[in-house]
Amino acid sequence: MSNDSDALVFFGATGDLAHKKIFPSLHALVARGALDVPVIGVAKAGWDLERLKQRARESIDRHDDALDKLLSLLRYVDGDYDDDATFVALREQLGAARRPLHYLAIPPSLFGEVVQALQRNGCADDARVVVEKPFGHDLASARELNRVLHAVFPESSVFRIDHYLGKEPVENITYVRFANTFLEPLLRREYVDHIQITMAEAFGVQGRGRFYEEAGAIRDVVQNHLLQVLALLCMDPPAEHSPEGMRDEKVRFLRSLRPLGKRDVVRGQFAGYRDEDGVAPDSTVETFVAVRLHADSWRWAGVPFLIRAGKELKETVTEVDVVLKRPPQRVFDTGGPNRLRFRISPDVGTTLDVRAKEPGEAMVGRDVSLSVHRQAAEDMEPYERLLGDALHGDQSLFARQDTVEAAWEIVDGVLDDATPVHPYDPGCWGPAEADGLLPRGAAWHDPEAEGGRP
Ligand code: BG6
């Protein structure tokens with residue numbers, strides 16, 4: 001018997017996420033023949049099915065056969081999440097479906113109420129549940145959220161979305177690492193000087209001030225996206241070729257990281273943030289953070305891992321930069337260190353910076369980049385990939401409970417006002433204090449600087 005879900009239910013169907021991400025992804029899934037089950041939207045908006053269809057049309061903004069097909073699969077249930085009548089109506093709409101996938105595109109504070117109501121009304125048996133971030137506010141609340149979900153769904157049925165894991169260039173990191181032999185021996189303390197991850201955004205909080213006030217950069221992107229990326233880059237190769245093998249190695253790596261101390265964190269806030277809608281006039285929430293991490297493991301002991309992320313920075317670019325040690329003896333002229341770089345956005349790239357000889361008599365050279373590089377425009381959207389996987393019951397690209405909690409353990413001691421927040425002007429690379437986290441002689445890599453482009 002197929003293990004695929006036979007209905008997709010999405011709570012929060014009238015919301016922003018549904019409009020921006022979910023409808024376009026469902027459309028793409030239908031277009032490639034990967035979705036052919038009832039799609040039931042649930043929300044409390046006073047809407048009917050026609051209004052939801054209209055919303056889907058607006059969101060997709062293109063008329064084709066796949067849109068007609070998606071509209072024919074759509075159902076709608078309007079009602080409060082605290083009213084059992086909503087779930088009775090949902091059960092009716094589910095009809096003969098036995099293994100629905102429930103996607104909770106709603107605030108986490110409602111998860112408990114909704115999963116219990118699903119169970120009470122016979123909608124949870126053999127079902128799966130997909131939850132959106134933020135997955136907890138700190139370690140304690142993440143544990144509590146897991147407890148609430150596990151009261152109804154076993155871990156094997158819980159799919160926690162971290163959309164970074166569904167990104168093509170993030171998959172590229174895992175692929176390049178384990179599909180080649182030359183790289184694996186290099187990724188260790190004997191050869192790596194330090195690792196930098198930059199996630200820079202040249203825009204602000206884009207009207208999400210209220211959300212951002214509750215989050216800040218550490219919770220918004222470090223605890224989840226960037227620690228996941230670091231884990232994919234640094235984990236040991238999985239012995240077992242299975243989703244769990246990969247996820248086991250990721251959690252082992254995260255557990256080897258020391259919890260962050262105050263000396264390893266620099267927080268910043270861009271000038272003007274306090275004027276944003278929903279932001280307190282005396283807010284100390286960080287819109288920039290740089291952290292320095294250390295792993296206690298034979299593979300990585302002594303290698304600093306530096307992560308910086310921020311809003312209103314100079315460029316919009318996300319890049320992983322593995323800086324290798326210099327040759328032990330100086331035989332020729334030397335340039336920059338060898339680097340292995342993975343570009344995550346706006347384009348997808350893998351680059352190896354090496355030193356090559358200039359033609360001629362003298363043994364002198366220059367720095368060159370060996371690069372595989374392309375635009376990301378044609379890539380499958382993360383939500384399409386992730387929803388497709390969840391419908392098939394494939395958990396590989398979802399965050400497991402232990403990984404999420406291990407990541408919270410790393411940042412738990414430096415959340416909120418544990419460290420001061422330094423102001424910075426929009427359009428720079430964040431507060432200068434972040435330089436103090438770098439190893440001696442190193443600089444933050446500017447992905448757009450000369451030689452920086454893959
Ligand atoms: C989200 C954060 O999870 O990721 C946003 O909440 C951030 O603040 C976004 O801008 C970045 O993701 P992407 O895929 O747009 O680069």
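Is Arg355 buried, exposed or partly exposed? Arg355 is partly exposed, with 31% relative accessibility (buried means under 20% relative accessible area, exposed over 50%, and partly exposed in between, using a 1.4 Å probe and protein chains only). Keep in mind that this is a predicted model, where local features need pLDDT of at least 70, side-chain atom pairs count only at pLDDT 80 or more, and totals for chains, interfaces and linings use all residues. Residues are numbered from 1 along each chain as its sequence is written, and side-chain values use heavy atoms, leaving out hydrogens and water.

**The sheet**

- Six strands make an open sheet in the order S3-S2-S1-S4-S5-S6, with parallel pairing (strands are DSSP runs of E, at least two residues, and helices are runs of H or I, at least four, numbered from the N terminus; two strands pair if DSSP finds at least two bridges between them).
- At the edges sit strand S3 (74-78) and strand S6 (158-160), each pairing on one side only.
- From one strand to the next, the twist averages 20 degrees (axes are lines fitted to C-alpha atoms, for helices over the stretch in contact, and angles run from 0 to 180 degrees between N-to-C directions).
- Strand S2 (residues 39-43) pairs with S3 in the parallel sense over five bridges, and Ile40 stands opposite Arg75 in S3.

**Helices on the sheet**

- Helix H1 (residues 16-31) packs on the sheet and touches strand S1 (7-11), S2, S3 and strand S4 (100-104) (contact means heavy atoms within 4.5 Å).
- The direction of H1 makes about 170 degrees with that of S1.
- Helix H4 (residues 84-94) lies across S1, S2, S3 and S4, and runs at about 165 degrees to S3.

**Salt bridges**

- The count comes to 35 salt bridges (each is a side-chain nitrogen of Lys or Arg within 4 Å of a carboxyl oxygen of Asp or Glu).
- Glu155 and Arg160 form one, with the closest N and O atoms 2.8 Å apart, and both residues are buried.
- Arg252 pairs up with Asp236 in a salt bridge, closest N and O atoms 3.0 Å apart.
- Arg252 sits in helix H10 (residues 243-256) and Asp236 in the loop between helix H9 (217-234) and H10, so this pair ties together parts 16 residues apart in sequence.
- Arg252 is partly exposed at 49% relative accessible area, and Asp236 is partly exposed at 26%.
- Arg177, Glu184, Asp236, Glu249, Arg252 and Arg299 are linked in a salt-bridge network.
- Back to Arg355: its side chain meets that of Asp367 in a salt bridge (2.9 Å, N to O).
- Asp367 is in strand S14 (residues 365-375) and Arg355 in strand S13 (residues 347-357), so the pair ties together parts twelve residues apart in sequence.
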